[in-house]
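Let's take a walk through this one, stopping at a few spots along the chain. Keep the structure open and follow along.

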Amino acid sequence: MKNQLAFASLLAVTSCLVAPAALAQTAGDATPQTASPPPATQTAPEQAPEQQEVEISAPGAGSDSEDIVVIGRNIPNVVRSTPQVVSVLSTEDIARTGEGDIAGALQRVTGLSVVGNGFVYVRGLGDRYSLSLLNGLPLPSPEPLRRVVPLDIFPTSVIGSALVQKTFSANYPGEFGGGVINLTTTAVPEKSFFSVGGSVGFDMETTSELGYTYDGGSHDWLGYDSGERDTPNFILKAGADRTTIPTSQAVNLTNAETTVLFENYHIPPNFSGETSFGTSTDIGGTRLGVIAGAGLSNTWRTRDAVSGVRSIPSTTFRRVTTDHRALVNGMLGFGAEFGEHRIRFTNVYIHDTLKQGRLGAGTAENFESPVNGHAPVMEQNTNWFERQLFTSQLVGEFDFGDLDVDVRGAYANTKRKSPYERAFRYLYDASINDYRNTLNGGSYATVAFSDLNENLWAGGIDLAYDLHLGRPFSLQAGYAYQDTDRSSFRYTFDYVLPGGTALPDPYSQLRPDYLLSDYSLQANGIVLRPSTTSQGARSYDAGLKVHAGYAQLEGEIADGMRMTAGVRYETAKQTVLPTDNQPVTELNNDYWLPAATLTWNFATDMQWRLNASKTIARPQFRELAPQQYLDFDSDRVFYGNPFLTDSKLTNLEARYEWFFGKDQRLTASGFFKKIEDPIETVSFQLAGSNTTQINFANAPEAQLYGGEIELQKYVPLDFINNDLFTTRRLVLIANYTYTHSEVFAGNELIRDPINPASVTRPANQVFVSGQPLVGQSDHLVNLQLGIEDTQKLSQLTFLFNYASDRVVARGLLSGGGLPPIVERPGVRLDFVLRQGFDVLGGEWEFKLEGRNLTGTRFVEFQDYGGTTGIADTNSYDQGRVFTIGLSTKF
């Protein structure tokens, strides 16, 4: 961080995912029973004892009668009892990881990795191939680049458990490539409680180090704008009409509060606080409950990133970015249980805001007087990204003996507002030995306003009927409906002089707020000219409407052998309607998606599973929209391709499971996937810029295969002759995933990713056969090693994570393109200490966390080979983070 001091001088210029009853089943038989299909909203059950003894006395027998003891082996846990391949994170599992958000906790699950800002990859397949559900219902995304909600916005405090189903079954949505992640919230509490807690954290690369901030508004620390960033009506009208904004209106924009970047040598520490309560009561034969919770967190992160492109001319750049993230969340849930029936009404609110200041310097093409093809430049950005998610869900689960009926419905809304995205570029002028911004010739001042709103209505019904065929069998059927609509605009304006002339001295040497002061605008006649038309569509409307129905049969076809087989029919209409005469997308497709899983319980504690299925993956809205979007986290521009098509997947899997003790298991599996028309990213360098643009294209085919192994083992320490270890045990949770993928490309003609409307080219001019899928690591390793007390809260856990290199964007081959951009996640080591104690009538917990103890850097690079070597594209130090927390529960 100390290297950032060099930037100070620059401021002189800028100043259950299985069907329902299987999860709820408590096995009392020696042979696992087949359950009627559980609703996707079902949470993981409490794990039953591994073995129980039942004493039965003969009727009428006296005290001297002989007891008959029947010993039956219960199904140890949900992982074994379900008819599909699942991984479960219980409340205890999540707490052991100590992660603050659910995305961090999920990356400890076998085969899962987190890429970018909270997007979970399952077995190397990107988030487009996975599905996230809350209580079995879909969620819209507040991210312009995604249709899948980023899971890092979900605090672990609002999640009761998480299930990952890796094999497709017909009762789940057809967009199932890597898996489904179902997050469940808590329903009716067993007893009343009230809890409150807080924490403070220190990032060794950020806290009390140099960062860059700006004023903004008085409520920024909460993540809510106080009015300084309100978008004026004249901006909305000029953006929609593509008209120039005169000086008389341009002076009305908020200036200094959104423009002046300040040095801050004392970036504050991170902090968070949360509270929750729950209670329940019995009224007649009905048990009613309520659970509510709220939380607030503030985190800071400064990145001193280096990037460069070995092009002609080559560019190098260094940029310091300070992110201030404020997250507010709340949950309110009501539940009712009567007889064998349950009703839940759940409401979740999440507001997630990122305030960002960026200052960078380096070399790029010089548009005025080239010297060796490049010249020094300086760039400044101030940004505000405000995301919000709200969902309201009503779920009913009814048991009428042989017939189970589960109904669900939800409304969800997400918003993303990004007003006053300001950008400035100053070019170095050797004649004055200083930087200048003439508002032309490669230097610029821009402002952008963007907004996204997405609504989702979803509902469904599942029916399960127990068939009396001498063996456990159930017939299952259901219907699901989903209607998503999105509206999005992005209006970008350039500050220019009439006729595009250069801004004269001394104005061109002023810092940004003086450059755009009322006096400067009026004295020079500076106007705001819309630049959106050169960046594709200004706005677009998008929609996805899905109707689906399924039928499947689940039952015991022979002793110790269970089969689940079904088919899903799905019809969908997906549209993207951009402005500015850009191509329209309309996809109308229907699919029959079969799935079958065979489970062979060949020993009392071992079983095999075989699964085969067909699934799909639809393009995401932003991948289809022909509009430029700058992702400030990666410093890359994304541009959609309206001619993308659905991907079709064939999935095969075999899995061995050995449950050798209570909560202990060894599993090993192999999997294969064939993907027709996978959607891949292609990168190239924008002319005259330090920015990489990412476009999308359908590759002809890809194949992915691999294997994974998982071990969960507990070792009691009571053999140590010391009272301290009587109730303690060692915890070993380890998993490894190997994944290999290849893209296949021949002479087949595909749409050109840059000019898809008018150009087709052979696929092997865009893709290299044998290259891996984007986002896929060959090797994933997770290890949790700890010691814990079985009678009270006392845990010390070390967490090791390794992910091998993965391609984040492949280079375009034609026209002298660039090599792929590769991320190197490397090794991370964390620790979590949790200690409980009782005082003042409450249960208290002290927590100490250390993250990234290895000090692993974030590294992205391009390998040009030969003498050119490797060039960083986005690399920076990541700090070691230490957090202290204290909470209590009454």
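Start at Thr258, which sits in helix H8 (residues 256-259); helices here are DSSP runs of H or I with at least four residues, strands are runs of E with at least two, and both are numbered from the N terminus. Before going further, a word on the ground rules: residues are numbered from 1 along each chain as its sequence is written, and this is a predicted model, where local features need pLDDT of at least 70, side-chain atom pairs count only at pLDDT 80 or more, and totals for chains, interfaces and linings use all residues. Side-chain values use heavy atoms, with hydrogens and water left out.

Is Thr258 buried or exposed? With 1% relative accessibility, Thr258 counts as buried (buried means under 20% relative accessible area, exposed over 50%, partly exposed in between, using a 1.4 Å probe and protein chains only). Setting aside residues up to four places away in sequence, Thr258 touches Tyr214, Arg229, Thr382, Tyr420 and Arg422, where contact means heavy atoms within 4.5 Å. With Arg422 there is also a side-chain to side-chain polar contact of 3.0 Å. A polar contact is a pair of N or O atoms within 3.5 Å; within protein, one must be able to donate a hydrogen and the other to accept it, and residues adjacent in sequence count only if both atoms are side-chain atoms.

Arg229, one of the residues touching Thr258, has its charged end over the ring of Trp384, 3.7 Å from the ring centre. For a charge to sit over a ring, NZ of Lys or CZ of Arg must be within 6 Å of the ring centre and within 35 degrees of the ring normal. Arg511 does this too, lying over the face of Tyr514 at 4.4 Å from the ring centre.

Now on to the aromatic rings. A pair of aromatic rings is described by the distance of the centres and the angle of the planes. Rings of Phe, Tyr and Trp (its six-membered ring) pair if their centres lie within 6.5 Å; planes under 30 degrees apart count as stacked, over 60 as edge-to-face and the rest as tilted. The structure holds 17 such aromatic pairs. Take Tyr507 and Tyr519: their ring centres are 6.4 Å apart and their planes meet at 35°, so this pair is tilted. It links distant parts of the chain, with Tyr507 in the loop between strand S21 (472-496) and helix H9 (512-515), and Tyr519 in helix H10 (residues 518-524), 12 residues apart. Tyr507 counts as buried because its relative accessibility is 18%, while Tyr519, at 60%, is exposed. In Phe837 and Trp844, the ring centres are 6.3 Å apart and the planes are at 10°, so that pair is stacked. Trp600, Phe602, Trp608 and Tyr656 form one aromatic cluster.

Strand S41 (residues 826-839) and strand S42 (residues 842-851) pair in the antiparallel sense over 9 bridges; two strands pair if DSSP finds at least two bridges between them. S41 and S42 make a hairpin with 2 residues between them, and Leu840 in the turn has a positive phi of about 55°. Phe837 itself is partly exposed, at 37% relative accessible area. S42 also pairs with strand S45 (residues 881-889), antiparallel over 9 bridges, and there Glu845 has Ser887 in S45 as its bridge partner.Next comes an open sheet of 5 strands in the order S3-S8-S9-S6-S7, with mixed pairing. Strand S3 (86-89) and strand S7 (137-138) stand at its edges with a single partner strand each, so one side of each has no neighbour in the sheet. Inside that order, strand S6 (residues 130-134) and strand S9 (residues 179-184) run parallel, joined by 5 bridges, and Ser130 stands opposite Gly179 in S9.

Ser443 is in the loop between strand S19 (434-436) and strand S20 (444-468), and counts as buried because its relative accessibility is 4%. A polar atom of its side chain lies 3.0 Å from the backbone oxygen of Asn440, and a polar atom of the Ser443 side chain lies 3.4 Å from the backbone nitrogen of Leu439. Beyond its neighbours within four places in sequence, Ser443 is in contact with Arg425, Leu427, Arg436, Asn437 and Thr438.

Phe725 is in the loop between strand S33 (701-716) and strand S34 (728-744), and its 21% relative accessibility makes it partly exposed. Not counting residues up to four places away in sequence, Phe725 touches Leu717, Asp718, Ile720 and Ile787. Ile787 is 62 residues from Phe725 along the chain, yet their C-alpha atoms are separated by 9.8 Å.
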